[in-house]
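Q: Could you walk me through this structure? I'd like to start with the annotated site and then move on to the sheet, the rings and the core.

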Amino acid sequence: MTETATQGMQQAILAGGCFWCTEAVMKDVRGVTQVESGYIGGHTPHPDYRSVCSGTTGHAEAVRVTFDPSQVGYRDLLGLFFATHDPTTPNRQGADVGTQYRSAVFPLSPAQEREARAVMADLDAQGIFGAPIVTTIEPATEFFVAEDYHQDYYANNPNQGYCRAVIAPKVAKLRQYYGDKLRA
């Protein structure tokens, strides 16, 4: 599926560090119909979790979000993406360090690229993060869906230590500040 997907649906590919976190944030957004964790932006064919974690494949942990633009816009998804991870640290999200944890947007069209650049410029101009955004905008290469156990990770493992310490606060922030964007 591409940005001009069937039945009016569109897709966005976003890398905000650990894909478990970004997936958990996007799952409850009104208008989002599917979120897949996976790998993009590297040079190794058919990467797997172990090879991506080694930092040698060039891939980023990312999510592919399928959404209904009549319910949620790409700009809204970008806003939620930037609000729920740190886009000011290169190749790092919390304790996760390496290029596989970079903050990146992989536009699927020139319109998405323009929108991503505009959102980043707006956030930087407002000084929202207190430091410049270092999120990269990269060509959307082939997206490889991650292994099954990575899909719906937070929903399937809510009491796991990483989920409680790292993902739960991001989901709580989403619910507290962006409740109007969530499913009822």
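A: The UniProt annotation "active site", from an unreviewed entry, covers Cys 18; UniProt positions are given in the numbering used here, feature names are shortened, and annotations may be inferred rather than shown by experiment. Please keep in mind that this is a predicted model, where local features need pLDDT of at least 70 and side-chain atom pairs count only at pLDDT 80 or more, while totals for chains, interfaces and linings use all residues. Residues are numbered from 1 along each chain as its sequence is written, and side-chain values use heavy atoms, with hydrogens and water left out.

Q: Where is the place of Cys 18?
A: Cys 18 is in the loop between strand E1 (10–16) and helix H1 (19–27), where helices (H or I, at least four residues) and strands (E, at least two) are DSSP runs, numbered from the N terminus.

Q: And is Cys 18 buried or exposed?
A: Cys 18 is buried, with a relative accessible area of 6%; buried means under 20% relative accessible area, exposed over 50%, and partly exposed in between (1.4 Å probe, protein chains only).

Q: Which residues is Cys 18 in contact with, leaving aside neighbours within four places in sequence?
A: With those neighbours set aside, Cys 18 is in contact with Glu 61, Asp 96, Tyr 101 and Tyr 162, contact meaning heavy atoms within 4.5 Å.

Q: Switching to the sheet, what is the order of the strands?
A: The open sheet of 6 strands has the order E7-E6-E1-E3-E2-E8, with mixed pairing, and two strands pair if DSSP finds at least two bridges between them. Strand E7 (136–137) and strand E8 (144–145) stand at the edges, each with a single partner strand, so one side of each is left without a neighbour in the sheet.

Q: How many bridges join E1 to E3?
A: There are 5 bridges between E1 and strand E3 (residues 60–67), and these strands run antiparallel; Leu 14 stands opposite Val 63 in E3.

Q: Which helix packs on the sheet?
A: Helix H3 (residues 74–83) packs there, touching E1, strand E2 (32–40), E3 and strand E6 (103–105), and its direction makes about 15° with that of E1. The angle is taken between N-to-C directions and runs from 0 to 180 degrees, with axes as lines fitted to C-alpha atoms, for helices over the stretch in contact. H3 is mostly covered, as 7 of its 10 residues are buried, including Leu 77, Leu 78 and Phe 82.

Q: What about aromatic pairs, how many does the structure hold?
A: The structure holds 6 aromatic pairs, where rings of Phe, Tyr and Trp (its six-membered ring) pair if their centres lie within 6.5 Å, and planes under 30 degrees apart count as stacked, over 60 as edge-to-face and the rest as tilted. Trp 20 and Tyr 153 form a stacked pair, at 3.6 Å centre to centre and 5° between the planes, and this pair links Trp 20 in helix H1 with Tyr 153 in helix H5 (residues 153–156), 133 residues apart.

Q: Last topic, which residues of the largest nonpolar core touch the most other members?
A: Of the 40 residues in this core, they are Met 26, Leu 77, Leu 78, Phe 82 and Ile 167; a nonpolar core is a set of buried Ala, Val, Leu, Ile, Met, Phe, Trp, Tyr and Cys residues joined through side-chain atoms within 4.5 Å. Apart from it lies another core, of 8 residues, among them Ile 13 and Phe 143.
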